[in-house]
Amino acid sequence: MKIIDSHVHIYEKIAGITQGQPIASKTLGQVMIGNKEVQFLPPSFERTCSTAEVLIAYMNWCGIDKGILMPNPLYGYQNYYFMESIKKYPDRLKGVALVDVMKGKKAAEELADIYDKGILFGLKIEVDSTFQCAPDTRLIDKKLDSVWDCCNQYHQPVFVHMFRTEDIDDLEKLSEFYPNITYVICHMGADACFKAEMPDTNYERVLNLLKKKNIYADTSTVPVYFEEEYPWLSSVKIIEKAYQTVGAEKLMWASDYPGMLNHGTMKELINLVLNGCKKIPGSQKEKIMYENARRLFFAD
Ligand SMILES: [Zn+2]
């Protein structure tokens with residue numbers, strides 16, 4: 001079966017902000033968060049970087065045809081490295097843009113410039129790290145209007161990693177207000193659904209959002225929230241429930257490489273859906289593993 005990985009990360013080094021502290025690459029998969037040493041990747045990532053070459057080698061090894069490079073302010077701004085990597089592997093990689101949306105109109109201008117160049121596409125919002133320096137910011141805050149206007153005007157998708165219940169409310173409003181934007185909910189709703197302190201009903205609400213025409217979800221990273229070992233049975237249930245509620249059309253397989261290699265092998269990440277989700281028939285799995293992402297992001 002052909003596979004597209006809808007959410008992978010590459011970076012030459014980590015240099016961002018998290019938990020109000022600087023985060024920076026050390027060695028052997030470790031980072032420094034402020035003064036604290038954290039094992040961020042497996043030790044085999046000797047320089048604590050994630051290069052395009054190693055990603056492509058993993059993709060070749062595991063039969064992944066194409067990958068979508070996903071930024072996160074946590075790593076720092078990687079637009080340049082994404083563009084260089086896409087030029088090197090134009091048939092294998094596409095990359096999502098990152099701008100500092102807190103700059104409002106200026107961010108929208110930067111984005112328009114990026115879209116005019118035609119290499120990167122879309123926009124990533126990782127609520128926690130995007131709003132790190134202004135944590136009360138809402139997705140529907142006025143200051144972001146020009147950014148949404150730009151994405152809507154250029155028909156660009158927005159990938160959102162949600163952390164709070166209000167992010168679910170806001171995404172619903174945005175999806176109605178900006179019909180030209182395709183929204184991808186990262187990690188099936190992520191922290192906003194699966195963090196222990198979140199109401200159980202939040203996942204139901206995300207499934208309702210997925211019924212909207214312009215909202216999709218990627219299947220990655222769910223095992224992290226349940227602290228479970230492969231075959232990740234709670235995650236299987238979450239993904240199968242989404243399939244039963246909204247159908248295979250709305251789901252896209254993703255690995256969240258390389259961070260998820262802390263939890264399983266690339267093959268296991270593939271098999272979470274391919275072998276694990278027994279309630280999804282094979283023909284429908286093709287849509288999740290490949291066809292939906294191809295149609296949405298690789299059709300040109
Ligand atoms: Zn990610």
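Predicted model: local features only at pLDDT ≥ 70, side-chain atom pairs only at ≥ 80, totals over all residues.
Q: How many aromatic pairs does a search of the whole structure find?
A: A pair of aromatic rings is described by the distance of the centres and the angle of the planes. Searched as a whole, the structure has aromatic pairs numbering 14.

Q: Is the pair of F121 and F297 stacked, edge-to-face or tilted?
A: The ring centres of F121 and F297 are 5.7 Å apart, with 45 degrees between the planes. Planes under 30 degrees apart count as stacked and those over 60 as edge-to-face, so an angle between these limits leaves one class. The pair of F121 and F297 is tilted.

Q: How many residues apart are F121 and F297?
A: F121 belongs to strand 8 and F297 to helix 12, so named from DSSP runs. Both F121 and F297 are buried. The pair links distant parts of the chain, and the separation in residues is 176.

Q: Which residue lies over the face of F121?
A: F121 also has a charged neighbour over its ring. At 4.8 Å from the ring centre lies K94.

Q: Is F194 buried or exposed?
A: F194 in helix 7 pairs with F226 in helix 9. The relative accessibility of F194 is 9%. Buried means under 20%, so F194 falls in that class: F194 is buried.

Terms used: Residues numbered from 1 in each chain as written. Heavy atoms only, no water. Phe/Tyr/Trp six-rings, centres within 6.5 Å; stacked < 30°, edge-to-face > 60°. Helix = DSSP H or I, 4+ residues; strand = E, 2+ residues; numbered from the N terminus. Buried < 20%, exposed > 50% of the residue type's maximum accessible area, 1.4 Å probe, protein only. Lys NZ or Arg CZ within 6 Å of the ring centre and 35° of its normal.
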